[in-house]
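I opened the notebook to look up charged side-chain pairs. My plan is to note each pair, then where its two partners sit.

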Amino acid sequence: MGSENMKLPNIDFSHEDLKPGTLVWNQVKGQVHKALVEFGCFEASFDKISIHLRNSIFESLQELFDLPLQTKLRNISKKPFHGYVGQYPAAPLYESMGIDDVEKFTQIIWPQGNPSFCKTIQSYSEQLSELDQTIRKMILESLGIEKYMDEHMNSTNYLLRVMKYKGPQTSEIKIGLKTHTDINTVTILYQNQVTGLEVLTRDGQWINVEPTPNTFIVMIGDSLYAWVNGRLHSPYHRVMMKGNEARYSVGLFSIPKAGYTIKAPEELVDDEHPLLFKPFDHVEFLAFYYTEEGQRCASALKTYCGA
């Protein structure tokens with residue numbers, strides 16, 4: 001299991017005057033840059049989402065995952081890993097569902113309607129996307145590539161992925177989800193009070209990420225890592241489970257749109273930072289990632305489009 005002593009940086013986004021150009025903005029921006037270079041992730045305090053809505057999210061997840069398997073299997077998608085995932089031999093404790101259109105998803109799962117679920121998921125996604133946009137603006141500013149701001153901010157869609165890890169009913173540690181990097185742009189994860197998430201540091205130590213009701217985990221994915229030409233870190237992480245309680249988590253993923261070419265800005269390529277990856281389309285990379293070869297190689301991104 002991970003180290004009990006090390007902790008991820010905690011960054012406060014709850015300041016009332018957190019606006020571009022202010023002293024507070026610049027201070028927080030510096031903390032974000034440092035954390036993403038050193039760890040590739042951090043804990044974010046963000047009070048725009050009420051404690052009532054945070055609690056409602058986990059009530060909604062429990063209601064959803066308690067449905068019969070046949071109902072959950074209605075969540076299908078042509079995109080890999082966007083629909084229902086479960087019954088997975090390599091991760092028997094894990095099941096998840098992707099939601100990119102809340103109203104359509106709710107209608108498929110509950111043809112009779114479920115306004116409470118729909119409203120909870122919609123509100124949560126909309127409010128948390130504000131944090132995603134703030135962080136990405138800070139990243140571009142800290143790298144001195146503001147001229148790409150509009151292009152970058154318009155290059156992504158959102159996917160909300162809801163996840164459940166069954167308690168393994170043992171004190172022995174079991175794999176909830178194997179070691180991996182995320183392959184999207186930015187992930188913002190919120191989890192209930194059951195531990196399990198571990199993040200690998202750049203020097204090879206696992207950090208236990210203790211869940212708190214007041215913080216979100218922000219993590220860089222491979223698509224952003226490639227776009228900034230390795231200037232930030234995309235961390236390996238995993239979920240390790242023990243005990244009887246189920247772990248619920250919900251991730252907001254910003255994902256490059258189909259047809260958008262991920263290509264490092266010329267300002268981020270120089271003698272000290274040679275080009276790491278050839279330009280690529282995220283959806284095409286996603287298709288490779290879920291092939292047998294993509295799952296087997298140490299870095300699917302390097303195998304697919306390493307320069």
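Entry 1. I looked up K72 and found that K72 forms a salt bridge with E95; the closest N and O atoms are 3.1 Å apart. A salt bridge here is a side-chain nitrogen of Lys or Arg within 4 Å of a carboxyl oxygen of Asp or Glu. K72 lies in helix α3 (residues 69-72) and E95 in strand β3 (residues 94-99), so this pair ties together parts that are 23 residues apart in sequence. I took helices (H or I, at least four residues) and strands (E, at least two) as DSSP runs, numbered from the N terminus.

The model is predicted: local features need pLDDT of at least 70, side-chain atom pairs count only at pLDDT 80 or more, and totals for chains, interfaces and linings use all residues. Residues are numbered from 1 along each chain as its sequence is written, and side-chain values use heavy atoms, with hydrogens and water left out.

Entry 2. K72 is buried at 5%, and E95 is buried at 11%.

Entry 3. I then looked up D132, which forms a salt bridge with R136 at 2.9 Å between the closest N and O atoms. Both belong to helix α5 (residues 115-142), 4 residues or about one helical turn apart. D132 and R136 are buried.

Entry 4. E292 and R296 also meet in a salt bridge, 3.5 Å from N to O. They are 4 residues apart in helix α9 (residues 292-296), again about one helical turn. E292 and R296 are exposed.

Entry 5. I noted the total: the structure holds 10 salt bridges.

Methods: Buried < 20%, exposed > 50% of the residue type's maximum accessible area, 1.4 Å probe, protein only.
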